[in-house]
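Here are some notes to read alongside the model. Keep the viewer open and follow the points one by one.

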Amino acid sequence: MPCGIIAIGGSWGGVRATGVLLRALPADLPVPIVIALHRGEEGSTALAATLTTKSAIAVVEATDKDVPIPGRAYLAPPGYHLLVERGGLSLSTDEPERFSRPSIDVLFDSVAVSYGDEAVGVILTGASDDGAAGLARIRSRGGVTVVQEPATAERRTMPDAALAASAAHRVVALEEIAPFLLKVCGGG
Amino acid sequence: MSHELRTPLNSLLILAKLLSDNQDGNLSEKQIEFASTIHKAGSDLLELINDILDLSKVEAGKMDITPADLAPDDVRQYAAQAFTPVAEQKGLVFETEVTSDVPSPIFTDEQRLQQVLRNLLSNAFKFTEKGKVTLRIGRPAEGTRFVHDVLQDAEHVVAFSVTDTGIGVPEDKLRLIFEAFQQADGTTARRYGGTGLGLSISREIARLLGGEIHAESVLGEGSTFTLYLPTTYRPEQSPGMATTVVESRPEPAKGKATGKARTRTSAKGKPAPVPVPLPEDELGDDRATIKPGDRVLLVVEADTSLAGHAVAAARTRGLKVLAATSRESAHRLAQAFKLDAVVLDTELGAEDGLILLDSLKRHPATRLVPVHVIADAKQRQAALLSGAAGVVDKPVTEETLDLAVGRVADLLAREVKRLLVVEDDDRERGAIVELLGAGADVEVSAVATAEAALEELQAQPHDCLVLDLKLPGTSGFSLLEQVKKDDRFHNLPVIVYTGQELTRRDETRLKKYAQTVIIKTVGSPERLLDEASRFLHRPEAALPAEQRRMLEQLHAADAVLEGKKILIVDDDVRNVFALTSALENHGMDVVFAENGRDGIEVLTQNADVELVLMDIMMPEMDGYEAIQAVRKMRQFKRLPIIALTAKAMREDREKSIAAGASDYIAKPIEVDQLLSLMRVWLHE
Amino acid sequence: MPDPREPQRRRDLEAVEIDLLAEGIYEAYGFDFRRYSRPSFRRRVWRRVEFEGLTSISGLLERVLHDPAAMKRLLADLSVNVSAMFRDPGFFRVFRAKVIPQLRTYPFLRVWNAGCATGEETLSVAILLKEAGLYDRTRIYATDMDDATLDQARTLAYPIAKMREYTENYIRAGGTRSFSEYYVADGDRVVFHPSLAQNVVFAQHNLVTDRSFNEFHVIMCRNVMIYFDRDLQEHVHKLLYESLTPFGVLGLGSRETLELSGHREGYEQLDETARLYRKVV
């Protein structure tokens, strides 16, 4: 089963956790990463820059119709849903889902539909249940799903919800997520 | 120009000839006929082009006169030889005669004289079906009056009369010919086809030779065209104005034996340019084909083979080139032509080229012309001090000449654009000139009144007009209307720059003439600069492709459309200008409203409107509502209304029909399609 | 035994259904969604499937073909791009600073709010121009493909719950008055002052199928083209470019870009961050 894309979702504590995860990934990661983190509508655009300086992976805020490049991470912009299809990213300003825009479910759902069993989904720390349904969707389409070990999460609501939806193939501590992804997707 | 015109036409003629010969034997009768027609039409065209080139040459004062001693009988013989076959072919008698009282030799330009006689004779043969054509070379009849003083002295005048027994020229036609003569620019002449043009050329040549042409005609009896020349050509004799005397003799009225009512008219034309004796054209340069607007380079090079190379190099760069091999000939060419640049080799045989440079820089006419000098290291400094625009180091080779010519061509390619500012406030005017004239390639002239603007526009071509509306005397509005009436200024981009409050009606009115309107405020200098450079550097910007296409889709007026009153109700500004102009060009009378409500008002005021073009998407009242409202008025129940819409869906179409529109056309509007549609609905 | 290729096949089936739906709507109604961006289109379609109590996209196709009212409901779903007044306040700040001075040089202004949906953006622009003293000589054409959405926009009414966010945006956008001057509260909604719509022409226009209908000094088309695929975006960019007067200004959403467009050369970007482009060629 080839790996085509890694999708990461998180909210409370998610920025820090994402940083930890990305820092452990090499620049020559053979797949692109898409990330949805809950933040204010007018969230700081400095986030991508902050994440980039700490990791080998370049993190950019997604622009509509970006073509994702392996070894790069695309962050859902504040106030937009990020959606994925083969060959390009797209944005939407549709209603927030579960009070969130960007919504992790929206991102994961589009990843599941477009990448099927080539999708890898990761749920990190967070204080809402957004992402659980999306992760389950990735799993049902044959993708690989990982949930941060709730005990290692700053807020365990999100990982717990994902586990409750029996969406996870693996439950691992934050530090072990990157090595696992490398095993699944190669590179490094 | 001649070369560029004649070469492709020649290939066309040759190929058409080959085709019509059908050497491969694989063409049908019809195809052969077509090929012959192409050949025939092409030949006619070539003749016409030759005439036009000749005419422009004489008019530009570029036709050289090479006088020599000449026996009048030689002229007669030439004519007899040339036209006897024509006479035989048409079954006409051709008589030639030189009277004994004609002095011999005469001193004039043989070629030019022959050219005029050829023209007069071929006209005579063309319009004569039976009888004879006579060429009589003699002294002027007693009492012949000349316009020009030199000719008044009959002792020194010889008359070449061509008389035919042809259809004659009806009085009104003779007047037309006369008018054609009067039109010094040849435009009217062109309207009357071959004869007019030929006669215009003949007239101009006669003028150059110091003579006149007179014409007499009796309808049904024949015509006589007479060329009067001084027996001795003197350059300074060339009369200052074009001169023609036409005599019209209407058919003698019955019972009036002496009823030859003669009308004599003399016409004043434009002043002739002072003839400049030009040096010989050793290298076959472009002196004969230079027209206004050409970029002219003078190459001064004593070595004819190198000079020839420079001529070719300049031509490939799109320049017209004059070549001089001596200081003297360079001087004369510099006086005769308006030069744009000079390439000068300092080694002019035994002469010193730097002396020429110096005198070019002293003469007011050539002072500003850039001179590029090919000089050695010692002369370099001197050349620059004398005002050379650039120096290319010796030795003089084909390469260094290429280099010098290339530099000049690059320099000239940076075309200077001319912009006219009309602004009555002195300080404002100064500021605008500062702002717009900053670029090296823009020349700004500025005037304070509409009157001065008109004068300036007439005086020289401009690439853009910046206009304040509020002017003393004639207003900016009237100036615009006046200027745009003139075909020459149709494409002149106009920027209205005004501090005036404008109403929407003003804007609509302006939109017809001005490309853009700028209100004076803090940010306007930037925009003025942007808009001006847009028009100066991209001339096509004045008329966007869409609108240009609309205007290009014009054909001849159409009886169904002519004189019809059309109401356009549309807020799409692009249609105000283009659509209105297109319809007006078809002889329609266009009234205009910007929205549905105004449209209804205009319609009630203009009950004679015969068709309405109704935009759908409009403010105040949209097209659907407006059409419905119009249909509610009894008198407009059957008025054709065509909906204009940017919408593509069937439903939209149905909606406008349901509202009461007669028909429907999609934007952007294809004028041809619209006209067809209008013909259908205006057809009675 | 479960077919290991099942998920793959299922995905293809859904794609086929979406194709058929778009094709069917186009054939029957003339609305062209065939080049809409798939992921968003799919989400919106599924939402309608669920609201209609259906279970498949094919089921929705059958319903909209036979029931024009259902088509209207779907159209409303597909038309509404949720916006906010003064969304991206920074955009409006830059607009005030860099576009307004240029607009003052025109005797009359035409602004096109393309894809206006329920009119939040339209009113934002109207307020901004009013505060700049330009509104009286402006005409704003607010167009959308859906008549029902336009009808809603014409009411100038918005949920009162949104007002806190809008007010914050207005202030951050550099608003010069008190935002409450512009509306009156009426139960659970607020209604904006009719004078704001005085120079607004709400009109139906479909960016996908319809053509240019005037020449504008400003075109606002923010977060509309994100719902289109690249080809369709290019098509619409052409339409917008043709509809801009020379030196006219195009406003896009904060995550939209002209970089990939064939029209990039025709514009200069007015600001490093705000997506305001000025037509230059």
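1. First, some ground rules. This is a predicted model, where local features need pLDDT of at least 70 and side-chain atom pairs count only at pLDDT 80 or more, while totals for chains, interfaces and linings use all residues. Residues are numbered from 1 along each chain as its sequence is written, with chains lettered from A and ligands numbered from 1 in the order in which they are written.

2. Start with the sheet in chain A. Seven strands make an open sheet with parallel pairing, in the order β3-β4-β2-β1-β7-β8-β9. Strands here are DSSP runs of E with at least two residues, helices are runs of H or I with at least four, and both are numbered from the N terminus. Two strands pair if DSSP finds at least two bridges between them. At the edges sit β3 (58-61) and β9 (170-172) of chain A, each pairing on one side only. Neighbouring strands of the sheet are turned by 20° against each other on average, direction ignored.

3. β3(A) and β4 (residues 72-75) of chain A are joined in the parallel sense by four bridges, and Ala58(A) has Arg72(A) as its bridge partner in β4(A). Helix α2 (residues 46-53) of chain A packs on the sheet, where it touches β3 and β4 of chain A, and its direction makes about 175° with that of β3(A). For angles like this one, axes are lines fitted to C-alpha atoms (for helices over the stretch in contact), and the angles run from 0 to 180 degrees between N-to-C directions. Residues count as in contact if their C-beta atoms, placed from the backbone, lie within 7 Å.

4. Which strands does helix α4 of chain A lie across? Helix α4 (residues 132-140) lies across β7 (119-123) and β8 (144-148) of chain A, and runs at about 150° to β7(A).

5. The same helix has a helical partner. Helix α3 (residues 104-115) of chain A packs against α4(A) at an angle of about 10°, with the axes 7 Å apart. The two helices are therefore roughly parallel to each other; the cut-offs are under 35 degrees for roughly parallel, over 145 for roughly antiparallel, 65 to 115 for roughly perpendicular, and oblique for the rest. Residues of α3(A) in this contact include Leu107(A), Phe108(A) and Val111(A), and those of α4(A) include Leu135(A) and Ile138(A). By class, the contact of α3(A) with α4(A) has eight nonpolar, one polar and three charged residues. Nonpolar means Ala, Val, Leu, Ile, Met, Phe, Trp, Tyr, Cys and Pro; charged means Asp, Glu, Lys and Arg; the others, Gly among them, are polar.

6. Compare another helix pair in chain A. Helix α1 (residues 14-23) and helix α6 (residues 174-185) of chain A pack at about 40°, their axes 8 Å apart, which makes α1(A) oblique to α6(A). Ala17(A), Val20(A) and Leu21(A) of α1(A) meet Leu174(A), Glu175(A), Ile177(A) and Ala178(A) of α6(A). This contact of α1(A) with α6(A) has six nonpolar residues, no polar ones and one charged.

7. On to chain B, which has 24 helices and 26 strands. Among contacts in chain B between residues at least 6 apart in sequence, 68% join residues at least 24 apart.

8. Is Ser386(B) buried, exposed or partly exposed? Ser386(B) is partly exposed, because 19 other C-beta atoms lie within 10 Å. Find Ser386(B) in the loop between α12 (377-385) and β16 (390-393) of chain B. Leaving aside neighbours within four places in sequence, Ser386(B) is in contact with Leu354(B), Leu357(B), Asp358(B) and Lys361(B).

9. β4 (residues 183-186) and β5 (residues 189-192) of chain C run antiparallel and are joined by four bridges. They form a hairpin with two residues between the strands, and Gly187(C) in the turn has a positive phi of about 70°.

10. Finally, chain C touches both other chains. In its contact with chain A, 20 residues of chain C meet 22 of chain A, and α2(C) gives the largest share of the chain C side, five residues.

Technical notes. Contact = placed C-beta atoms within 7 Å. Buried ≥ 20, exposed ≤ 12 C-beta atoms within 10 Å, placed from the backbone.
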